[in-house]
Amino acid sequence: MGVDLRQVVAGILTITMFVMLGQMLHRDYFDSLQEKAQGDAHDIEFEGSRVSVKDSLVGGVEGSKGPWMDDTNDLNPCWPTLLSGPLIVVEEAVSSKGYVTFSLTNGPEYHISQITDAVMVAKHLGATLVLPDIRGSKPGDERNFEDIYDADKLIKSLKNVIKVVKQLPEEVSLRDIAIVKVPTRVTEDYIKENIDPIFKSKGNIRVATYFPSVNLRKSSQDGETDPVACLAMFGSLELQPELNAVVESMIERLRTHSRKSAGRFIAVDLRIDILEKKHCHSTGVVGSKTCYNAQEIAVFLRKLGFAGDTTIYLTQPRWDSSLNILKDIFPKTFTKEAIMPASKKSKYLESESSEYENVIDFYISSRSDVFVPAISGLFYANIVGKRIALGKPQVLVPAEISETSGLATDFISPYISKKNHLAYSCFC
């Protein structure tokens, strides 16, 4: 009986891959400032929060391979009850003849804060809010709000709080609009002291939000979160139907690839261009850095026990050769172009603007069974907020695992393990 040369070659390649994987799992691919004492709990710092987790926060999913975790359904929106008392009479906003305008910029992780601040300003001024346009990073890159988000949903969700119109009336001149900069998470006191006098003088204002900080941790100085802010942040923005259908189809395709893990998949926020700019460095906490590359993420997930056939979605726009090491260990690793319906690629992937792609990444990362932020920042912080709202606390912050294996529960995001995310002020 003859020997099939193809079978021999395949066998050699398989053995070689297992040997390489074994070597990788026993090597240390993470920069560390000092060795951890044996028996210490894992300390993680990401966006300024440290956590030491010893007890399991979540349970394993029966019948699935890997350290998957259950969703939770023990939190509900607090704001409907808080808003059931006296509200602004919307007619007052109309009679004021004053308007608040603004733009959404820099991607969906900023949009959430920008819409919240604009709603807060309009509410406390008794003004009418005008739907924003959406502006990309390049000059002239502008879209209508309805190209990405559901305008009717937003107007309906806010109808008992403020009046929202789709366009600024023609009789209002742009020269009559004063530009006002406001810090994100703007307070009623700030509005009264700094914005109200300008509004009374000019009659119309344009709000531009700036970000003194990118973390969304609760602060004892914040006091109680305004229920209107909670409504705006978590109850007003939804994707418009066509774009939502594209996201749903991509999620379904990822779940189809994940049949061996009960349809579960991991989303990793890993973008090569940002990694190159950030020059990932240590945060000063053992085993923790500001960002992680594909090789480090691959080893991290493997040491946590995720099987080689685990499905992974990357936010990286297009495939890059530096990602090959991740695909060698997890062959079912995909970027957008591999799982988006072919009929939608010309509109959502081949346009000069990256706005659609950023939004798709944001909503898939919010809905994945596990989210891993390879990059710290506002994208990570707002994804956590969305996941808290959806009952998906499985956010694993990368860090060095000095041994050959680790527990996923040791790497739960501090936002969740310490319950110090702003979202916990809005859900109870």
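**Entry 1**

I looked up cysteine 78 and found it buried, because its relative accessibility is 11% (buried means under 20% relative accessible area, exposed over 50%, partly exposed in between, with a 1.4 Å probe and protein chains only). I note that this is a predicted model, in which local features need pLDDT of at least 70, side-chain atom pairs count only at pLDDT 80 or more, and totals for chains, interfaces and linings use all residues. Residues are numbered from 1 along each chain as its sequence is written, and side-chain values use heavy atoms, with hydrogens and water left out.

I then traced the bond of cysteine 78: it forms a disulfide with cysteine 428, the sulfur atoms lying 2.3 Å apart (a disulfide is a pair of cysteine sulfur atoms within 2.5 Å). The pair links distant parts of the chain, 350 residues apart, with cysteine 78 in the loop between β2 (49-52) and α2 (79-82) and cysteine 428 in the segment after α17 (414-417). Helices (H or I, at least four residues) and strands (E, at least two) are DSSP runs, numbered from the N terminus. Cysteine 428 counts as exposed, at 55% relative accessibility.

**Entry 2: the other disulfide**

I counted two disulfides in the structure. Cysteine 230 is joined to cysteine 426, S to S 2.0 Å. Cysteine 230 sits in helix α8 (residues 227-235) and cysteine 426 in the segment after α17, 196 residues apart. I found both cysteine 230 and cysteine 426 buried. The torsion about their S-S bond is about -75°, so this disulfide is left-handed.

**Entry 3: helix α9**

I followed helix α9 (residues 241-256): its 16 residues reach 22 Å from first C-alpha to last, close to the 22 Å expected at 1.5 Å a residue (the expected span is 1.5 Å times one less than the number of residues). Leu243, Val246, Val247, Met250, Ile251 and Leu254 are buried in α9. They lie on the same side of α9 because they cover an arc of only 130° around the axis (the arc of the directions from the helix axis to the C-beta atoms).

**Entry 4: strand β11**

I examined strand β11 (residues 311-314) and found both faces covered, with Thr311 and Tyr313 buried on one side and Ile312 and Leu314 buried on the other. Strand β10 (residues 265-269) runs parallel to β11, joined by four bridges (strands pair if DSSP finds at least two bridges between them). Isoleucine 266 stands opposite isoleucine 312 in β11. Two bridges pair β11 with strand β12 (residues 333-334), also in the parallel sense.
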